[in-house]
Amino acid sequence: MIKMRSIMTKEVITTSLNSSIIEAAKLMTAKSVSSLVVVEKDVPVAVVSEKDIIYGIISKKAKVRDVMDKEFITISPMTKFAGLSRYLREKKIKRFPVVENKKLIGLITETDIVEATRDFTRFHQIVQEVILTIFGLATAFFLFYFSPIGAAIFSR
Amino acid sequence: MARIKNIMLTNVPTLKKEARIEDAAKVLAHNDSGCVVIVENKKPIGIVTELDFVRLVASKGKNLKEPISRIMTSPVTFMAPKMKLDEALKIIDTKRFRKYPVVENEELIGLVTKKDIVNAISDNLRLHRNIQNIVLVVFVLFEFFVFVLFGYLSQYLPFGA
């Protein structure tokens, strides 16, 4: 089963409570990420998404602390994939800071999950095809072996 | 196999092409779909996502009064409602966008996201796998049955064994 450690983004881009929204936007653009984690002494206190930034710009807010989203769930690197999909689908939470020993070590976003599902699906398809091929060949051989032609060829 | 029209969202936020950047920002901030489609007589001519907004407006400082056409992505890659999910996945793999308007007869009728397509395929595959497993079990039983009975049946076969 996929563990969060293998699919998380390890280089989390962090920002502080008092930085400005424009700074946060520039940071997002420069690092090509869609969310930042707001940390206070290495402890994640909130997440900021693209949507929060847009909201901040049209409502003329200045600081990250005014727009940040405090409703997030931290997860451990050993959390399993299945446990997370439930949050994603039912609770509409899209960003999960990964915390180990009270320190922020990674971030799981919707994109990571979609990519992992995509890869997992592809892997599964291949496994399924291989199993089917082996069974198909075995069955074909089996039938051939016991058919009149097979009997002649294998001179039983 | 499911098709695009079964998984698309139908309430797509849209704006006319005369709209300004700030109108788009309002729509983006109050809507969960993460993008707004720019339409001209129901035909989609461009799309603005949260990403475009942050990249072009927030960090490069474009003026909010400028027309939306300055920041929209145009032309748009769209999908047909009858398209199968794996065809859609091929488009996604080559284009690498996250949101795709669904268009029928040059009219916008919905929106699909990469996430929805991948999730739908994954669910589909799970169902498929279960069916396949049942078929395999039946097959194995059948083979076993034939194998066991063969010794007994072979005496009646014309070619001998």
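In helix α3 of chain B, which covers residues 50-58, the buried residues are Glu50(B), Phe53(B), Val54(B), Val57(B) and Ala58(B). Seen down the axis of α3(B), these buried residues fall within an arc of 105°, so they line one face of the helix. The model described here is a predicted one.

**Helix α3 of chain B and its surroundings**

- An α-helix has 3.6 residues a turn, so residues three or four places apart point the same way.
- Within chain B, the buried residues of α3(B) pack against α2 (21-29), β2 (35-40) and β3 (43-49).
- The buried residues of α3(B) also pack against α2 and α3 of chain A.

**Where chain A touches chain B**

- On chain A, 28 residues are in contact with 28 residues of chain B.
- The elements of chain A that give two or more residues to the side touching chain B are α2 (21-31), α3 (50-58), α6 and α7 (148-153).
- Of these, α6(A) gives the most to that side, with 11 residues.
- By residue class, the side of chain A that touches chain B divides into 14 nonpolar, eight polar and six charged residues.

**Overall form of chain A**

- Read from the N terminus, the elements of chain A follow the order α-β-α-β-β-α-α-α-β-β-α-α.
- Chain A is more spread out than a compact globule, because its radius of gyration is 25 Å, well over the 15 Å that the globule rule gives for 156 residues.
- The C-alpha trace of chain A spans about 85 × 35 × 30 Å along its principal axes.
- Of the 156 residues in chain A, 27% are buried.
- Among the contacts in chain A with a separation of 6 or more, 52% are between residues 24 or more positions apart.

**Leu143 of chain A**

- Leu143(A) belongs to helix α6 of chain A, which comprises residues 110-145.
- Leu143(A) counts as exposed because it has 12 C-beta neighbours inside 10 Å, and a residue is exposed if that number is 12 or fewer.
- The C-alpha atoms of Leu143(A) and Val38(A) are separated by 65 Å, and the two residues are 105 residues apart along the chain.

Terms used
Residues are numbered from 1 along each chain as its sequence is written. Chains are lettered from A and ligands numbered from 1 in the order in which they are written. This is a predicted model: local features need pLDDT of at least 70, side-chain atom pairs count only at pLDDT 80 or more; totals for chains, interfaces and linings use all residues. Helices (H or I, at least four residues) and strands (E, at least two) are DSSP runs, numbered from the N terminus. A residue is buried if 20 or more other C-beta atoms lie within 10 Å of its own, exposed if 12 or fewer, and partly exposed in between; C-beta atoms are placed from the backbone. Two residues are in contact if their C-beta atoms, placed from the backbone, lie within 7 Å. Ala, Val, Leu, Ile, Met, Phe, Trp, Tyr, Cys and Pro count as nonpolar, Asp, Glu, Lys and Arg as charged, and the others, Gly among them, as polar. The radius of gyration is taken over C-alpha atoms; the globule rule is 2.2 Å times the number of residues to the power 0.38. The arc is that of the directions from the helix axis to the C-beta atoms.
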